[in-house]
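Morning, everyone. Please have the model up on your screens. I'll take you through a few contacts.

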Amino acid sequence: MAINMKINYEKLPYQHKAVKAVVDTLSGHDDLTNKIVLKPDLLDDSVQITLLNNGQKYHGTNYLKPFPQFNIEMETGTGKTMVYLQTIMALHKRFHENKFVIVVPSRAIKAGVEDNLNNLRDYLSDIYNTDKYHHFVYDSKQISELHNFVGSNFEIMLTTVQSFNKSTNVINQEYSEGFFGGKPLDQIRNARPIVIIDEPQSVDSAKAGKKAIASLNPKVALRYSATHRERQYPLLYEFGPAQAYKVHMVKHIETLGTEINTNGNVGFVQLKDKPTLVGDSLQAKVIAYKQVSDDYEKKTITLHQNDSLFEKTKNPQYQSWGRVVEINRADDFVEFENGRQAILGEHEGESQIWIQSQMKALIKDHLNRELAMQDQGIKVLSLIFLDEVKNYRIYTEDGPKKGQYADLFERIYERVLHSNPKYKKLYNYSVPVEEIHDGYFAQDKATRKKPAMYRDTKGDTKKDETAYEAIMQDKEGLLTQYIPGKPETDTKAAKLRFIFTHSALKEGWDNPNVFQILSITTPKNDLTRRQKIGRGLRIPVNQQGKRVYNDKQNVVTIYANETFSQFAEGLQNEYLHSGLFENKIDANFFTNLIVKKQRFSNALDNSTEYDTDNSQLQSVDASEGDQNHSDNRPISKEESQTFVSILKKNNIIQDNGKPLIKGLRKLNNGSKKQNIINQALKEGLDKQPVNAMIDNVLIKFDVPKPTNRRQRMNVNLTDTGNPYLNDLWNKIAYKVHYHVRFNENRLIEEIVNGDNAITDIRFKKMTAIQTRARMEMLENKIDSEIVMQDTEHLIWPELPIIDITKQIADRVGLTRQAVIKIILQAEEKDDDFLNKIKMNPSLFVQRAVKNIQAHEQKLLNRSLVYVQSGESWSKHLLKPFSANKDTLWEVPKRGLQKTLFDRIATQSEEENKFAKSLVNEEKIKYFLKLPNWFKIPTPFGNYIPDWAILAETNGAERLYFVIDTKSNVEMSKLRDEERNRIFAGRQAYKAKGFEDVQFDAPVQVIGDLDI
């Protein structure tokens, strides 16, 4: 059954349009002709019609020399190879073209195309109802195969550009025999093939590549890429990232980034940007832990030669590093006296923590997706790019051994697999861990003297072919599910689910069922963000080889070595750099845009209604008779400059060309749009190009809807019957009153036993916060939205040892013996106290100093006792209300099931951030911003806590919190009245009846809660 699975191919409308655009252009838009139009003026007329139909620009006739060349843009993962193979079939059937050469830039892409040529031969012959092609991969050792280009057979030759771009190539050598005294290349030249250039930006961007393509003597060259750099060639069809995303022909993209916070316990440093030359000296910006009040926070530090990171940060972790000895612009690093380096994008000091967190997230996502998809017949695959092969596989005299990442992967996999009984439902639950992963790397062949060895490469060497051959050998087998009890699925390929590679699989290979991609590489590695996502964009297939369209589950997750916002910005910059996105309207923005010629002169008439459809860019009016070059023309440079000037005068775009939101809205407003049209007509522009330019702006740039500008806004209820709400409210809603049992002796406080005791210090745990964000492809930018956050508390056994007693004693004026006595007595009071210190020693030193210094102050509320009054706050008091819109935070759609109101009244940006984290944190099941009538009486005035929270851990245990958020979590840093009221709140929730409720304050982030 499944082991004989074959990929099913389907006819996709956008692929048909891409083929049709080429055929229509080469036929002169004549449905009856069976010959390619090559006469320059007729072909140029046809090109202009195609560009008008597709809303593309015309750049003149240079594309015709020395032979016609055309661009076709296909987003990664949308079947570029399928499109040009279908185009070959269509050109063969329609125009009887028999000779085709496919030129690719690398062995990786060659291997992928060869696989498609082998698998698609029968399918393409059937759907085009024509004869089958014969294909061969050019090999200089099998030069005689070029004789196939003689005669009328239907032939496709596949070759890399490196095989014929040098005079020393075999194909360019003179032969006295076999080729009638000529060059083997003459066989191709004489056939005048149609040349398909796959990834032209890598094939012929340099002179040598262009010369090589011209040496083939092409009749026509068709250039297929997702990132065309040379825009002088007419773009006959465009199916870019925004179009593919919009029609759901690729997976959604999400990124998961991990932010590590060890609070300065680890000597972390990272080069933030490339070093810059300021005056005559270099400077570098690094991220490091800097002392901020009583905490250590990651901050940007500017370093020059001979600077001390310790002096700049006041962090003892960096004291042994010494001074800066080198700032290197060529290799992007900063080196210190002790040899440590800050490298661009690397997590120096925290890299192992980061790798473990990301790998655990990938494995967990992988298993959860398998649970969701295995009954649909979808096998889930993960792809992991490594920095060095030796980290996965080590070669010793006794043979290959597992590297550190292979060992790490197996440990984490076993731990995650057995962490939840739900994973027992997986078909491959019992498959040994060593059988579920493998590495695909470039390989040196074995000899008598040495075994086969794997190498770090860039993915473009002869040795890389060993990796492609290995993973291409059983493509269908890799998509086959292993099912216990079915022997036909008991194969290595079916059991394999996690694929490790270096650079060998960065291009040319992708698999529709790759859902997770982790990159353990440095930014200096040449793997771009587009290459990462490109390996997993295709729509997945099931065991029948059919695509499964399911928007909710068709998501590829990139586990990035940067934050989600950095990934989105970087991906957007890659699109901008490649010309796929435009974010400015410069003077020549509209130049060469094709429009229909104006048949009648415009008369300025303010009463004339403007037709707001996009017909100027979409189609040609067939009623006007036969289409020819007299019916259309490109917008001139002068027209573009005039209209851009008008856009600037009307504040639609800024002086630098960037559109303004308010300005773009004018183009969607009938009267304001008409005013702009009238201004353009007064400047001498024709109406049709003006309409076309307005339409072009509206297509290329998103126009946000106007926001509600009223001062007050209604806040509405979501679901008052939510069971989580009822559970939480029943726990916290009891009213209380207090009385004081005064004891004079309790006013005399000591450091260990008094109020605000040293054992009350908040031991902020080190955290790894994983943020999952969904990318949305728009016409000219990438939006990102957080969909989930997960906070993990870190326990890291390899923390450096520091002398906390000396550091505290030196700063508070006590002897070390006194500090030791305090700690030992605190341990008697809290037998877990020393373990807490070990959890975050650097932060303990900072806060212990503040705590000891604060013990001069006497606290007056030690004898406060609360009891429940027998009354409770009614849930019916929770009603809709209105508030100043500037004080309201809108709850995102995904958070409405977690709270009662659609907007939350907040008092600061910190509260906004905390509210967002409550929505995103998976463990938080429900929360309320407590209303201003929810009051706790205290001797110091009424006290209103901030939040009520219900959390679940391990999917079962419920925890109930009443908390107060502050910008600082150390009690000694709060004002007296804040400390007094928080202490009163803590005492109130110690009252009998509140046993299930934890009062926690002050709280800054979710990680401060014990969940």
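Contact here means heavy atoms within 4.5 Å. Ala, Val, Leu, Ile, Met, Phe, Trp, Tyr, Cys and Pro count as nonpolar, Asp, Glu, Lys and Arg as charged, and the others, Gly among them, as polar. Helix α1 covers residues 13–26 and helix α2 residues 40–54. Their axes are 8 Å apart, at an angle of about 145 degrees.

A word on the source. This is a predicted model: local features need pLDDT of at least 70, side-chain atom pairs count only at pLDDT 80 or more, and totals for chains, interfaces and linings use all residues. Residues are numbered from 1 along each chain as its sequence is written, and side-chain values use heavy atoms, with hydrogens and water left out.

Next, lysine 80. Is lysine 80 buried or exposed? Buried, at a relative accessible area of 14%; the cut-offs are under 20% for buried and over 50% for exposed, with partly exposed in between (1.4 Å probe, protein chains only). Lysine 80 lies in helix α3, residues 80–95. Leaving out residues up to four places away in sequence, lysine 80 touches Met74, Asp198, Glu199, Tyr224 and Ser225.

Lys673, Ile677, Ala680 and Leu681 of α20 make the contact with Lys687, Val690, Asn691 and Ile694 of α21. That contact divides into five nonpolar, one polar and two charged residues.

Technical notes:
Helices (H or I, at least four residues) and strands (E, at least two) are DSSP runs, numbered from the N terminus. Axes are lines fitted to C-alpha atoms, for helices over the stretch in contact, and angles run from 0 to 180 degrees between N-to-C directions.
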